[in-house]
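User: I am new to reading protein models. Could you take me through the features step by step?

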Amino acid sequence: MNAGESQRAPWIVGVSGASGTPYAAAVLRALLEAGESVDLVVSRASRLTLLDETGLSFRDAHWRSDLREWLARGADGKPDTFAVNLDGVRHWSAGDLAAGPSSGSYPAKGMLIVPASTACVAGVALGLSKDLLQRAASVTLKEGRPLVVAVREAPLGGQTLRHLVSLDDAGAVVVPASPAFYAGATHIQDLVDFVAGRVLDAAGVPHTLYRRWAGELGGGSRTT
């Protein structure tokens, strides 16, 4: 390991099986654009969702080419919408419980789960650690690092609400995947970017994904 590798402190991004893979893509792009390193964990269930929502596969053996194709695609499904540089990304298989993020001694800034399914929320709240995504989240909490959980479900049942309260009590930040409209959205990508931006706000990562509220009514309805 060289000196650069020894100083690397990534954000761990977990993608679970909830609908909302464009949210994950927007967060990943913004982290890389901000110069952040990323450790990526894509759950088995999320690969089915990705295939259903985009027609794209995510394979461990071809993760780099699959990830590049995914991140280059816009929320409207148009390919080659974004330029992608994956130099800062390291991928870990969801079944690899010996991976770096499974240990508290592994350096990381924190973890973002985008989107977070109700099953993922339950697993993290109960400390099940059934795969690397859940284990990394448990490690993040026990080490006192930032954990942002972008839950995507409607309606929310009582059991899930209790699990979310447990995560809040444990120090996680719960960000519902609920886009706002005051930022002047004119495209589906704008709505996706708003949610991604709020996730990054919770993590303290700078970005320019949406127009921030400035206390002026009607600003979002103006065209530029």
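Analyst: We will go through helices, cores, a surface patch and some backbone angles. This is a predicted model: local features need pLDDT of at least 70, side-chain atom pairs count only at pLDDT 80 or more, and totals for chains, interfaces and linings use all residues. Residues are numbered from 1 along each chain as its sequence is written, and side-chain values use heavy atoms, with hydrogens and water left out.

User: Let's start with helices. How many residues does α2 have, and what length is expected?

Analyst: First, the terms. Helices (H or I, at least four residues) and strands (E, at least two) are DSSP runs, numbered from the N terminus. The expected span of a helix is 1.5 Å times one less than its number of residues. Now the case. Helix α2 covers residues 21-33, which is 13 residues. From first C-alpha to last it reaches 19 Å, close to the expected 18 Å.

User: Is α2 largely enclosed or open to the outside?

Analyst: In α2, 11 of the 13 residues are buried, so the helix is largely enclosed by the rest of the structure. Among them are Tyr23, Arg29 and Leu32. Just after α2, Gly35 has a positive phi of about 80 degrees.

User: What does α8 pack against?

Analyst: Contact means heavy atoms within 4.5 Å. The buried residues of α8 pack against β1 (11-15), α2, β4 (110-116) and β5 (147-151). Those buried residues include Phe194, Val195 and Leu200. The length fits too: 16 residues should span 22 Å, and the end C-alpha atoms of α8 are 23 Å apart, which agrees. Gly204 follows α8, with a positive phi near 80 degrees.

User: How do I read a nonpolar core?

Analyst: In soluble globular proteins, nonpolar side chains tend to be buried together. A nonpolar core is a set of buried Ala, Val, Leu, Ile, Met, Phe, Trp, Tyr and Cys residues joined through side-chain atoms within 4.5 Å. Here the largest core has 38 residues, and Leu31, Leu40, Leu67, Trp70 and Leu112 touch the most other members. Helix α2 gives the most to this core, with 9 residues. A second, separate core of 23 residues includes Ala94, Ala108, Val121 and Val151.

User: Which residues does Leu40 contact?

Analyst: Leave aside neighbours within four places in sequence. Leu40 then contacts residues including Val13, Leu28, Phe58, Leu67 and Trp92.

User: Which residues form the nonpolar patch on the surface?

Analyst: Like charges are joined within 9 Å, nonpolar side chains (Val, Leu, Ile, Met, Phe, Trp, Tyr) within 5 Å. Accessible areas come from the Shrake-Rupley method with a 1.4 Å probe; for residues, only the protein chains shown count as cover. Here Tyr182, Trp213 and Leu217 form the patch, with about 370 Å² of accessible area together. At 34% relative accessibility, Tyr182 counts as partly exposed.

User: Where are the cis peptide bonds?

Analyst: One joins Val114 and Pro115, with omega about -15 degrees. Pro115 is in strand β4. Another joins Ala154 and Pro155, with omega about -10 degrees. Pro155 is in the loop between β5 and α7 (158-169).

Methods
Buried < 20%, exposed > 50% of the residue type's maximum accessible area, 1.4 Å probe, protein only. Patch = residues over 30% accessible without salt bridge, like charges linked within 9 Å, V, L, I, M, F, W, Y side chains within 5 Å. Salt bridge = Lys/Arg side-chain N within 4 Å of Asp/Glu carboxyl O.
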